[in-house]
Amino acid sequence: MPNDLESYRQALLDLYLRLPDTPCRVSRHDGRLVQQLWERRIPLPTVETAFLLASLRRAARRPDAIPLGPIRSLHYFLPVIEELLHTPLHHGDDYLAYLGSKVPLRPAADRTTLCQDRNNGEPTSQF
């Protein structure tokens, strides 16, 4: 786990903003949740696993199911974070790497371009 809040925040939000169906920027409520996760000493690998697991669960829905809307907040992942805290996975880094290989993360540059496209070419702040 990073030694300071800013490093934790940066790592967590960088991954969050690169996930499929997430917004182009974080809200002040998301920032507050990051602070709470830090204060609770939730390890970054636990949060990362929750992000990837929730993203894979969304992607694995039946093709004929009603499409889900975009993820609007970091709070979307909180139930999965809590699930992992109560029932930890004991597969280690290999499982995290496996999950990461299954979720198509956007490179940071693509995220900026995508946000500009959504805002009629106007740049959008990511943080």
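This is a predicted model: local features need pLDDT of at least 70, side-chain atom pairs count only at pLDDT 80 or more; totals for chains, interfaces and linings use all residues.
The largest nonpolar core has 29 residues. Those with the most contacts inside this core are Y8, L12, Y16, L37, V47, F51 and L74. Five elements are listed as giving two or more residues to the core: α1 (5-18), α2, α3, α4 and α5 (92-102). Helix α3 gives the most, with seven residues. In soluble globular proteins, nonpolar side chains tend to be buried together.

V47 illustrates the links within the fold. With neighbours within four places in sequence left aside, V47 is in contact with Y8, L12, L37, I42 and I81. Y8, L12 and L37 are, like V47, among the core residues with the most contacts.

Aromatic rings were examined next. A search of the whole structure finds six aromatic pairs. Ring pairs link Y16, F51, Y76 and F77 into a cluster. Y16 and F51 from this cluster are also among the residues with the most contacts in the largest core.

Charged side chains form six salt bridges in the structure. Side chains of opposite charge can pair when their charged atoms come close. An α-helix has 3.6 residues a turn, so residues three or four places apart point the same way. R9 is partly exposed, with a relative accessible area of 24%. E6 is also partly exposed, at 44%.

A second salt bridge joins D21 and R58, with the closest N and O atoms 3.5 Å apart. D21 lies in the loop between α1 and α2 and R58 in helix α3, so the pair ties together parts that are 37 residues apart in sequence. D21 counts as partly exposed, at 35% relative accessibility. R58 counts as buried, at 14%.

D64 and R62 also meet through their side chains in a salt bridge, at 2.9 Å from N to O. D64 counts as exposed at 59% relative accessibility, and R62 as exposed at 58%.

Terms used:
Residues are numbered from 1 along each chain as its sequence is written. Side-chain values use heavy atoms; hydrogens and water are left out. Rings of Phe, Tyr and Trp (its six-membered ring) pair if their centres lie within 6.5 Å; planes under 30 degrees apart count as stacked, over 60 as edge-to-face and the rest as tilted. A nonpolar core is a set of buried Ala, Val, Leu, Ile, Met, Phe, Trp, Tyr and Cys residues joined through side-chain atoms within 4.5 Å. Buried means under 20% relative accessible area, exposed over 50%, partly exposed in between (1.4 Å probe, protein chains only). Helices (H or I, at least four residues) and strands (E, at least two) are DSSP runs, numbered from the N terminus. Contact means heavy atoms within 4.5 Å. A salt bridge is a side-chain nitrogen of Lys or Arg within 4 Å of a carboxyl oxygen of Asp or Glu.
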